[in-house]
Amino acid sequence: MTGLEIVYLLGALSAIAIFLFAVRRASERNQLQGGGQAARRRLRERAEEEEREEAEAEEARKQAEAGQAEQAEEDEDEAEEEADQEAEDEDEDKDQDEEAADADERAAERAAELRDGLARTRGGFVARLGRLLAKKKIDGEILGELEEVLLTADIGPKTAEKLFTTIQTALGRDQLGDPEAVWTRLREESGRILSVDAPPVAWGRARPFVLLVLGVNGVGKTTTIGKIAAKLVGEGKKVILAAGDTFRAAATEQLEIWGQRSGAPVVKGKPGGDPSSVIFDAVKRAQAEGHDIVIADTAGRLHTKVDLMEELRKVRRVLDKAQEGAPHETWLVLDSTTGQNAIQQAKMFKEAMEVTGIVLTKLDGTAKGGVILGICDELAVPVRFIGIGESVDALREFDPGAFVSALYEHDPAANAA
């Protein structure tokens with residue numbers, strides 16, 4: 001190899017070395033530039049992440065503050081609701097206390113009214129019992145007088161004997177000498193007699209519910225119907241009256257007056273007309289107009305040769321045709337001032353008709369109120385209402401316990417005197 005070739009070779013090698021050096025430097029610069037970009041990217045990403053974290057933290061803080069505010073508001077609302085509820089409960093308790101006080105006051109008033117209504121009866125045989133039992137020694141002679149007082153008390157001989165026998169057999173010799181023990185036994189046995197087993201009247205078990213009312217003239221039958229109608233209308237029931245006593249013009253006129261007072265329409269017929277037709281028409285009108293209750297008056301005496309009981313049986317048959325199962329109740333109105341005659345009337349009607357309830361009127365005007373014991377004992381028919389005055393409220397549902405308490409109320413000191 002010549003020298004010139006060697007020179008060319010060395011020049012070529014130098015150029016190659018210079019090129020490789022340049023390439024390496026360019027590569028290093030590129031690497032440095034790439035690393036800087038990555039670093040900047042990482043810095044940028046870290047900054048963005050920090051911003052996100054700060055934003056999330058801020059959002060979480062705001063949510064927490066909002067939640068705290070909402071919770072505080074809920075707590076405040078709950079506290080207000082609790083305070084309102086406590087105030088409402090206090091008002092309700094106060095109202096209940098006032099209602100209870102009013103109910104107690106009304107109960108006391110009603111008890112006093114009943115005592116006043118039975119004052120004459122209590123001043124009759126009950127007062128005689130009180131004077132008899134006030135004696136310090138109750139011997140055989142006193143027992144005989146006790147039996148006599150009961151037998152003459154218009155409660156009926158059968159019931160009087162039952163009361164006396166019960167007292168005599170239920171109490172021992174020592175107890176018979178204790179007037180209060182005798183009074184207690186007398187109350188208990190009277191309560192048992194008066195508590196005839198019968199469910200309350202279910203006015204809603206039929207529509208219309210048909211009440212047939214019986215009774216001889218003069219017992220207060222039509223007035224009783226008017227008062228019952230007024231009570232039922234006052235309870236929100238739609239009532240219609242049937243003037244079935246077509247043989248007594250005054251009865252129809254009186255029923256119309258009560259109908260006007262209570263707002264109950266009256267179905268009537270021609271004077272002396274067929275009572276069954278009038279009552280039939282009343283039931284049909286009640287069905288057509290949607291009345292809840294039909295109360296039907298009936299004759300207490302006929303001005304024809306037709307037997308009264310036969311006429312009443314005809315009414316029942318016609319009612320069953322007008323509405324199957326009617327009448328749903330049949331009540332007999334009795335005048336307590338007639339004493340034991342009321343028991344005989346009740347027996348007469350019960351033999352001919354299915355009597356399901358008794359209404360005893362005019363208890364406030366007689367000393368013969370003890371007849372109620374004989375009626376319940378001999379007929380085993382529940383007393384539904386008693387009349388102790390002229391007002392509508394004076395016709396009250398019968399409560400055996402309250403009646404016994406009022407009837408046998410006595411003052412030992414007064415009796416002893």
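User: Which helices and strands each supply at least two residues of the lining of the largest pocket?

Analyst: In this predicted model, α7 (221-234), β7 (383-387) and β8 (395-397) each supply at least two residues of that lining. The lining comprises 24 residues, and Val201, Arg384, Phe385, Glu397 and Phe398 are those nearest the centre of the pocket. The volume of this largest pocket is about 440 Å³.

User: What makes a residue of that lining nonpolar, polar or charged?

Analyst: Asp, Glu, Lys and Arg count as charged, whereas Val and Phe are among the nonpolar types. Arg384 and Glu397, which lie nearest the centre with others, are therefore charged, and Val201, Phe385 and Phe398 are therefore nonpolar. Over the whole lining, the division is 16 nonpolar, 1 polar and 7 charged residues.

User: How is the lining of the second largest pocket divided by class?

Analyst: It has 3 nonpolar, 6 polar and 4 charged residues. This pocket holds about 230 Å³ of space and is lined by 13 residues, with Lys227, Thr361, Lys362, Gly389 and Glu390 nearest its centre. Helix α7 gives the largest share of this lining, 3 residues.

User: Why is Lys362 called partly exposed?

Analyst: Its relative accessible area is 33%. Buried means under 20% and exposed means over 50%, so a value in between is called partly exposed. Lys362 is situated in the loop between β6 (357-361) and α12 (371-379).

User: What makes the phi of Lys362 worth noting?

Analyst: The phi of Lys362 is near 60°, which is positive in a residue other than glycine. Most residues other than glycine have a negative phi. Ala380 also has a positive phi, of about 55°, although it is not a glycine.

User: Where is Ala380, and is it buried or exposed?

Analyst: Ala380 belongs to the loop between α12 and β7. Its relative accessible area is 54%; the limit for exposed is over 50%, so the residue is called exposed.

User: Which peptide bonds are called cis, and on what value of omega?

Analyst: The bond from Arg207 to Pro208 is cis, its omega being near 0°, and the bond from Ala326 to Pro327 is likewise cis with omega near 0°. Most peptide bonds are trans. Pro208 lies in the loop between α6 (179-194) and β1 (209-214), and Pro327 in the loop between α10 (308-322) and β5 (329-335).

User: How do you know that Asp297 and Lys221 form a salt bridge?

Analyst: The N to O distance between their side chains is 2.8 Å. A salt bridge requires a side-chain nitrogen of Lys or Arg within 4 Å of a carboxyl oxygen of Asp or Glu, so this pair qualifies. Asp297 lies in the loop between β4 (293-296) and α10 and Lys221 in helix α7, so the pair ties together parts that are 76 residues apart in sequence. Both residues are buried.

User: Why are Glu289 and Arg285 separated by about one helical turn?

Analyst: They are 4 residues apart in helix α9 (residues 275-289), which accounts for that separation. Glu289, at 40%, and Arg285, at 31%, are both partly exposed.

User: How many salt bridges are found in the whole structure?

Analyst: The search finds 17. Glu310, Arg313 and Arg317 are linked in a network of salt bridges.

User: How do you know that Leu9 can belong to a nonpolar surface patch?

Analyst: Leu9, in helix α1 (residues 3-117), has a relative accessible area of 43%. A patch takes residues with over 30%, so Leu9 passes that cut-off. The patch of about 680 Å² is made by Ile6, Leu9, Leu10, Leu13, Ile16, Phe19 and Leu20.

Key. Residues are numbered from 1 along each chain as its sequence is written. This is a predicted model: local features need pLDDT of at least 70, side-chain atom pairs count only at pLDDT 80 or more; totals for chains, interfaces and linings use all residues. Side-chain values use heavy atoms; hydrogens and water are left out. On a 1 Å grid over the protein atoms alone, a cavity is a set of points where a 1.4 Å probe fits but cannot get out, and a pocket is an open set with protein on both sides within 12 Å along at least five of seven lines; lining residues have an atom within 4 Å of a point. Grid points are joined across faces, edges and corners, and a volume is the space filled by probe spheres set on the points. Patches are made of residues with over 30% relative accessible area and no salt bridge: like charges are joined within 9 Å, nonpolar side chains (Val, Leu, Ile, Met, Phe, Trp, Tyr) within 5 Å. Accessible areas come from the Shrake-Rupley method with a 1.4 Å probe; for residues, only the protein chains shown count as cover. Buried means under 20% relative accessible area, exposed over 50%, partly exposed in between (1.4 Å probe, protein chains only).
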